[in-house]
Every structure is written in C-alpha cells, then in structure tokens.
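Colleague: Could you walk me through this model? I'd like to hop around a bit as questions come up.

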Amino acid sequence: MTTSGTVFSAAPSAAGYLYQARLALALCLRHAYGDAGIEVAVERLDDVSFETEGEARELLQTKHHLRRTANLGDLSPHLWKTLRIWSHLALEDPNLPNRTRLVLVTTGLARPDDATWLLRPHRGTGEPSVDNARIAAELLTAAAESSENQALQPAFKAFLSLTPRMRASLLSAVQVLDAQPLLTELDPIIEDQLKMAVPRGGTERARELLEGWWWPRICQALIENPPGTVSILEMENRIDEIRETLQRNALIADQEFAAPPEADLAAYEAYGFVRQLKAIGIGGNRIESAKRDFYRAFSQRSRWTREHVVFDGEISRFETTLLEEWEPRFNAMCDEHGTTDPDSPMLRQAGQDVYQWVETDARFPFRSLVKRFLNVGSFHMLANELRLGWHRDFVRLCRKDD
C-alpha cells in the first residue's frame, strides 16, 4: 500500500514498466510492412529487444522519468546501470557490438560535453560517430576510475573489466536517444506511424484498436517461460484488420445534432427545397424540420469531403440510390393523377404522400451508416436542385424565374 506523494509511491516504477510496453509498440511500427521476420519482446533479452530467429538485432534500455531532468551526466545512475548490463553481455560475447545495436531510450536530457551527448545519433548518418564513441569511452573510464560512489561500484567494475578497445567497441554500438516523449505523449508518435496504413482521419481510432490488441498480447508474451515474442507479421495482420474495419465504419456522424444558425434558417426560405414543400401544402414545423435536416446533411457531407473520408463517387452513388427509390413512387403518383388539375388539393395530397415516405420510411445506408437526418437532408439537397420533387409539376412550379 502506498501513500500518494510520499517516497513510497510506486508510480515511477509502474510508469516505467508501462513505458517499456508502449514504447515497444511504437518502435514496432517502424518495421511494419518491412522485414516480416522481426520479433519484439519486453523483459526478455533487455527492457525491449528486437530479434530475428532468436538473435538480437537491437537491445533497448528504457529510462522513464515522471519529469524531464538533465540527469545523464557521466555519473548518472541510469546510464551506469545500463552500461553494467551491456558490459556483462560484451564480456560474454565480444562480437555482440558488431551485430547488435544497443539503445538507451530516456525521457531525460543529455548535457553537452558529457559522454551521453557524444553518443546521440549523428545528424548526417543517424548513428554515433566512431570518434565520439572513443572519446565517450575515455570520459566514462575516467569517471569510473575516479568516482567514490559505492552504489555504482558494480557497474564501474563491469565496464572497467573490458579492455580499452572493447569499451570503445561497445560504445560504438550504443545510441543514446534522450528527450524522448513521456508515457502520456506517445499517442501522436503511434498515430503518425499509422498514417499510411489506415484511412485518412482514422489514426486515433486505429491507435485505440491497436493498443486494445497489444496490451493483452504483450502480457501473454510476458507470462511465458521464458518470456515470448510478438512477431511483426502478427502486428501487420492486426493492422490490416483494423484498416478494413475503419474503411467500413470510418464515417462518424458528428453533425447529427448540429443546430443550424438562425441566419441559415432564414436564408433557406428562398431555397428550392422549401418552395417544393410549399407547393404541396407543407408548412409550419415540418418546414423547420426540413431546414434542419438540410443543414445537417449538407454540413456532414461537406465535412466528410474536406476530410477525405469518403471514396470517389461514393456520394453520387448514394444520391443515385435515393433517386432510384424515389422515382417509381413519383411515377406511380403521376400515373394516378395524370389528368388532375395542377391546383387540385388531391394533387397536393398525393405529393404529401410521397414526401411522407421520405420523412418516415426512406432509410438507406451511406456505406454502413443509416441516419435519418442524412437520408432526409440529402433528399432535400436533391429537391433543391430540382433533381427530384413531390408535386407532379415540381419543375414548372419551383424553378426560379429567369
């Protein structure tokens, strides 16, 4: 049991473990749709490891701090705890630095002229330079030999047990990535990696779905004995499933309850769809509802178009469906009232019957989305263009005067 805000809080440790697992996912995405033979593990060969057929390609030590601090000096406990682990590995396998990248990922800050600063990736190559690795080895050797910090003596001993050449070789494989995002700042990193794999506008939802799969999957790997791995191919398959899901369901009806501005409602009085309704005797609240549905459908479709979440021709195919569903009903009404006087109440009632079908029954899917406002509002958009109507003579009655 811990007390919030005391020295006994386990929050830093818990955040550190969560960071390992979440960072592993973010880094996995770099390899997606590349080398399908890569596997990732947490707490197996290191905090995070990338392997191929059981052989380590990249070993990562992660150091997460609840607050960023400049704590990566030459006597940083976090640095030396990492070097202790890697020094033992290099002592057991001197060829390790030649085939495995060793990465220290930290939310802390390296300081100029310290060894960790020299081991950051070179701007041109993305790798630390050989000269910097040699200088860093000299700085760390001097620090280890002169420090009286008893807690770090085991780490100093492990590093100094390597020959000077082996120390330089070890550090030539080391890459320090400082000032990395905090645990809670990884969302945009993961989403950016998913941009090319999922429909536009779907990265946030894709991340949520991917993490919903990742957490139980990495937990399963952790409880295996020894800890298991997750293959990049397995993650690719999950991303493919998410992409298909989002392509079917990416449409979000966020304008369903939008309130039209009063100025727009007033302007609609002169629109064709309102003239159409008045031509069949519709008025009052039903016209106000029609204005609302027109506004919401127009706003929703415009937003989908701006955000590129609708496919080419998708809107026109939806409109074709509406037209073809309206057409037989309208034609049947025209056949029944072909000789009825244009001003007859019977003809207006017949038009109201067609329109009532739109208000109460005409519900067709836009992709997988079936929404009343979208159907009714889209019918009004077509009526506004006189592509369909309710009165038998709607084109003659409702077109604008030249």
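Colleague: First one: in which loop is P226 found?

Modeller: P226 is in the loop that runs between α9 (203-223) and β6 (230-231). The helices (H or I, at least four residues) and strands (E, at least two) are DSSP runs, numbered from the N terminus.

Colleague: Thanks. How should I read the model in general?

Modeller: It is a predicted model, with local features needing pLDDT of at least 70 and side-chain atom pairs counting only at pLDDT 80 or more, while totals for chains, interfaces and linings use all residues. Residues are numbered from 1 along each chain as its sequence is written, and side-chain values use heavy atoms, with hydrogens and water left out.

Colleague: Back to that proline. What kind of peptide bond joins N225 and P226?

Modeller: The bond between N225 and P226 is cis, with omega about 0 degrees.

Colleague: On to backbone angles. What is phi of Y33?

Modeller: Phi of Y33 is near 60 degrees, which is a positive value in a residue other than glycine. L386 also has a positive phi near 60 degrees, and it is not a glycine either.

Colleague: Where do I find these two, Y33 and L386?

Modeller: Look for Y33 in the loop between α1 (11-28) and β1 (38-42). L386 is in the loop linking α16 (372-384) and α17 (394-398).

Colleague: And how accessible is Y33?

Modeller: Y33 has a relative accessible area of 43%, so it is partly exposed. L386 is partly exposed too, at 23% relative accessibility. For the cut-offs, buried means under 20% relative accessible area, exposed over 50%, and partly exposed in between (1.4 Å probe, protein chains only).

Colleague: Switching to the inside now. Which residues of the largest nonpolar core touch the most other members?

Modeller: That core has 46 residues, and the ones touching the most other members are W304, W326, Y355, F366, F379, L388 and W390. A nonpolar core here is a set of buried Ala, Val, Leu, Ile, Met, Phe, Trp, Tyr and Cys residues joined through side-chain atoms within 4.5 Å.

Colleague: Which helices supply at least two residues of it?

Modeller: Those are α12 (272-279), α13 (285-306), α14 (314-336), α15 (345-360) and α16 (372-384). The largest share, eight residues, comes from α14.

Colleague: How many residues are in the second, separate core?

Modeller: The second core has 38 residues, including A15, L25, V105 and I239.

Colleague: What about α6, which residues are buried there?

Modeller: In α6 (residues 153-160), A155, F156, A158 and F159 are buried. These residues are on the same side of α6, because they cover an arc of only 165 degrees around the axis. That arc is taken from the directions from the helix axis to the C-beta atoms.

Colleague: And what covers the buried residues of α6?

Modeller: The cover includes α2 (77-92), α5 (130-146) and α7 (164-172).

Colleague: What about P188, buried or exposed?

Modeller: P188 counts as exposed because its relative accessibility is 52%. P188 lies in α8 (187-194). From C-alpha to C-alpha, P188 and E204 are 8.4 Å apart in space and 16 residues apart in sequence.

Colleague: One more: which helix is D353 found in?

Modeller: D353 belongs to α15. With a relative accessible area of 43%, D353 is partly exposed. D353 and M333 are 20 residues apart in sequence, and their C-alpha atoms are 9.1 Å apart.

Colleague: And Q180, where is it found?

Modeller: Q180 is in the loop between β5 (174-177) and α8. Q180 is partly exposed, at 23% relative accessibility.

Methods. Contact means heavy atoms within 4.5 Å.
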